[in-house]
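Thanks for coming. I will go through one structure this morning, starting with its pockets and then moving to a few local features.

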Amino acid sequence: MEKLRIVFMGTPEFAVGILDTIIKNNYNVVGVITAADKPAGRGQKIKYSAVKEYALANNLTLLQPTNLKDEIFLSALEALNANLQIVVAFRMLPEVVWRMPKLGTFNLHASLLPNYRGAAPINWAIINGDTKTGVTTFFIDDKIDTGAMILSAETAIEPNENAGQLHDRLMQLGSGTVLETLTLIEKGNVTTTIQKEHPEIKTAYKLNKENCKIDWTKSAVEIYNLIRGLSPYPSAWCFITDINEEWNVKIHEAKMILEHHEHAIGSLIYSKKEIKIAVKDGFIQVLSIQFPGKRKMSTPELLNGMTFSEEAKAL
C-alpha cells in the first residue's frame, strides 16, 4: 500500500469540508495551497480564504501563490515532496503543477460530470430544474473538468431545496467520495472512465449580474428555480419601481403559486404581510427581500415600514 503525502488545493468553505475530512481520517497533508489574500467588503479589509483560516487553525504548511508558474512557488511545492495532489474549488492548474506528483492530481467537482463543468455547478443544477446531481472525482488534464473520472456519487435535488442547502449536502457526499478515491489510490486499484462528449452537456457558467437578474416574463417555475438556485448567494435580483422611485433589490426566498389571473406581468400585489409578483402562469410570493443599503428582511418586516402604490411593479 502506497503511503500518501498529500498537497491540498482549494479556497471556499466547500473545500474546507473536504480538507477537514481528510485530516480527521489521519491522512498526511504536507501542504495546503489557497488563493492570495484580497481586500473585501466596504472597508476593503484583507480577507483570508476559508481554506487559509482552516490551515492556520490546524498548523498546516500554507502556500499562497499569485502565479502558479512562478519558479519560487514551484520550488516550494516540489520541496513538499507530495506524491498526490487533491483539488477542490480552486483554479485551473498549469501542466507543470498537475503533473508534478507521482500518483497524479485529482479534483472533486460538485456535479455528475460531464454535466456542469465550470464555476457554479450547484447553482446551475437548481436553476435548470434538475431533479438529481452529485459529485465526481477525476484526474486533472489540460482542460477544465474534462479529465478521466474515478468515482461519482448521486443524490436527489429536493423540489424546494436552495443552493446553500444543496451545497452542504454535496460537501458531505463529496467528503465520502474523496475518502473512497484515496483508498483506491492507496491500494493501486484505480480504474478510470473517459468522459464522453455529447451535444446535450449542460455548462455551469460563471455567475454574473446578467444571469442572476430575474426575467419576469418567464414561467413561475423558471423564476422560482432561479431564486432558490442563487440563494443564499449571490442572490437573484430585479428592479422594483413605484411612481418616481426605483430600487435594485435582491430576492432571497420565495414561493411559487400557479394560478390563472388577469394582472399584468410584474405587477406587485401586496397586503400588510404579503407581496406577490404576477407572472404569466401565477405569482411569485416574496418571503425575504433586501433593499439597497438595508439588511435582508422578511416580507412582513419590510411592510412594517414601507408601503407601495398601485403602480408598483417588478422589472
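First a term. A pocket is found on a 1 Å grid over the protein atoms alone: it is an open set of points where a 1.4 Å probe fits, with protein on both sides within 12 Å along at least five of seven lines, and lining residues have an atom within 4 Å of a point. This is a predicted model, in which local features need pLDDT of at least 70 and side-chain atom pairs count only at pLDDT 80 or more, while totals for chains, interfaces and linings use all residues. Residues are numbered from 1 along each chain as its sequence is written, and side-chain values use heavy atoms, with hydrogens and water left out.

Take the second largest pocket. Its lining consists of Trp124, Ile127, Glu210, Asn211, Lys213, Asp215, Lys218, Glu222, Ile223, Asn225 and Leu226. The volume is about 250 Å³, meaning the space filled by probe spheres set on the grid points, which are joined across faces, edges and corners. Which helix gives the largest share of this lining? Helix H7 does, with 4 residues. Helices here are DSSP runs of H or I with at least four residues, strands are runs of E with at least two, and both are numbered from the N terminus. By class, this lining has 4 nonpolar, 2 polar and 5 charged residues. Nonpolar covers Ala, Val, Leu, Ile, Met, Phe, Trp, Tyr, Cys and Pro; charged covers Asp, Glu, Lys and Arg; the others, Gly among them, are polar.

The largest pocket has a volume of about 1,900 Å³. It is lined by 44 residues, and Thr11, Pro12, Ala89, Phe90 and Ala119 lie nearest its centre. Its lining divides into 27 nonpolar, 8 polar and 9 charged residues.

Alanine 89 counts as partly exposed because its relative accessibility is 35%; buried means under 20% relative accessible area, exposed over 50%, and partly exposed in between, with a 1.4 Å probe and protein chains only.

Now the loop between H7 and strand E12 (236-242), where proline 232 lies. The peptide bond from serine 231 to proline 232 is cis, with omega near 10 degrees. Another cis bond joins tyrosine 233 and proline 234, with omega about 5 degrees. Serine 235, in that loop too, has a positive phi of about 90 degrees. Most residues other than glycine have a negative phi, and most peptide bonds are trans.

Next, valine 32, in strand E2 (residues 29-33). Is valine 32 buried or exposed? It counts as buried, because its relative accessibility is 0%. Leaving out residues up to four places away in sequence, valine 32 touches Phe8, Leu19, Val51, Ala55, Leu60, Thr61, Leu62 and Leu63, where contact means heavy atoms within 4.5 Å.

Last, the whole protein. It has 8 helices and 18 strands. Of its 315 residues, 50% count as buried. The C-alpha atoms fill a box of roughly 70 × 45 × 30 Å, taken along the principal axes.
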